[in-house]
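Please open the model in your viewer and keep the selection tool at hand.

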Amino acid sequence: MRVAVFNTKSYDREFLTKANEKYHHDLHFFPFHLTKDTVSLAAGFPAVCVFINDYLTGEIVQQLAEQGTRLIATRSAGFNHIDLVAARECGVTVVRVPAYSPYAVAEHAVGLILMLNRKLHKAYNRVRDDNFSLEGLLGFDLHGSTVGIIGTGTIGLCFARIMHGFGCKLLAYDVQQNPACLELGVEYLPLTEVFTYSDIVSLHCPLLPETYHLVNSETLQHFKPGAMLINTSRGGLIDTKAVIEAIKCGRIGYLGIDVYEQEENLFFEDLSDTVIQDDVFQLLQSFPNVVITAHQAFFTRNALTNIAETTLRNIKEIEEGKECPNVIVAR
Ligand code: NAI
């Protein structure tokens, strides 16, 4: 199928081109986002392929349909960037990649924990500066620590297994218990109790109306003083301003985030020559006990291979009129 592939970086082109050796789609790569200013470039393409920071509003979906597009393939699990109601009304099918590598995200969460605990970000710079002092680098054993997991689905389970390997005591909160976690010895408790007893809290639940600002000024009162908070899930799970206050008063002793509420204005681009206008983000960056990565938890060779393979297979199945399990419809 002829596919207009928007918002592509070098790595997207590399992995999609490789996977396409098997599918033989006619891929046209565009480096820019799909927006109302660029949507006309998709004219005549039966399929468009997008990423999580291409916001496909009703207006854009309608224009795509009027220009002949019948399929939107997102290279992501999340689909809240696409107006599904508009897609259904315009007769446009939407497909996604529901899972690509839970290990990638779980391992990145563990990376943030190790970095914050053993202050590897500081140690790296110190040694490069010939400063071999250990002052201020004191950490704690993960073995024997209590780790709270919020959301024990695919990624939460991978994370639980890794932390179990470290010898941590595991607590969890989820709206439904995962038998594999129970088998591992995970103890399910109400949310506030998980916060109360955990040395480290890691968020692995989706962003939904009921999980929006799950960590807020009220729930932060339940955290152990000096606790570590890790978020590799979605920025909106945390009220950033409330967390800043909690860091200032020592309630939160470490913060590791791969996602940020206002990340669409920042992440995935090189802004090193720009004055960042987001004061909240800049304040967070200034704290010594905060580590931020720019939504890279998924970013492994394995995950990109799976994303490319599933995206192109989705398009092939739709093209051939076969049943595609990864179609999403408006509820
Ligand atoms: P999943 O659907 O397998 O698991 C989500 C879990 O959250 C389920 O067990 C579900 O019952 C639970 N949950 C639902 N509502 C809840 C609530 N109100 N409170 C507590 N738990 C609740 O999803 P998966 O694959 O484990 O992904 C988790 C999240 O990771 C995704 O929603 C996404 O936001 C994030 N993610 C981040 C990536 C990154 O690169 N940083 C990449 C991929 C996913």
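In what follows, Ala, Val, Leu, Ile, Met, Phe, Trp, Tyr, Cys and Pro count as nonpolar, Asp, Glu, Lys and Arg as charged, and the others, Gly among them, as polar. The model is predicted: local features need pLDDT of at least 70, side-chain atom pairs count only at pLDDT 80 or more, and totals for chains, interfaces and linings use all residues. Residues are numbered from 1 along each chain as its sequence is written, and side-chain values use heavy atoms, without hydrogens and water.

**The sheet.** Select the open sheet of 6 strands, whose order is β2-β1-β3-β4-β5-β13, with mixed pairing. Strands (E, at least two residues) and helices (H or I, at least four) are DSSP runs, numbered from the N terminus; two strands pair if DSSP finds at least two bridges between them. At the edges are β2 (26-29) and β13 (327-328), each of which pairs on one side only. Next, select β4 (residues 71-74) and β5 (residues 93-95), which run parallel and are joined by 3 bridges. I72 has V94 in β5 as its bridge partner.

**The largest cavity.** A cavity is a set of points, on a 1 Å grid over the protein atoms alone, where a 1.4 Å probe fits but cannot get out; lining residues have an atom within 4 Å of a point. Select Y11, D12, F51, R75 and L304, which lie nearest the centre of the largest cavity among its 14 lining residues. Both α1 and α11 give two or more residues to this lining, and α1 gives the most, with 4 residues. By class, the lining has 9 nonpolar, 2 polar and 3 charged residues.

Technical notes: On a 1 Å grid over the protein atoms alone, a cavity is a set of points where a 1.4 Å probe fits but cannot get out, and a pocket is an open set with protein on both sides within 12 Å along at least five of seven lines; lining residues have an atom within 4 Å of a point.
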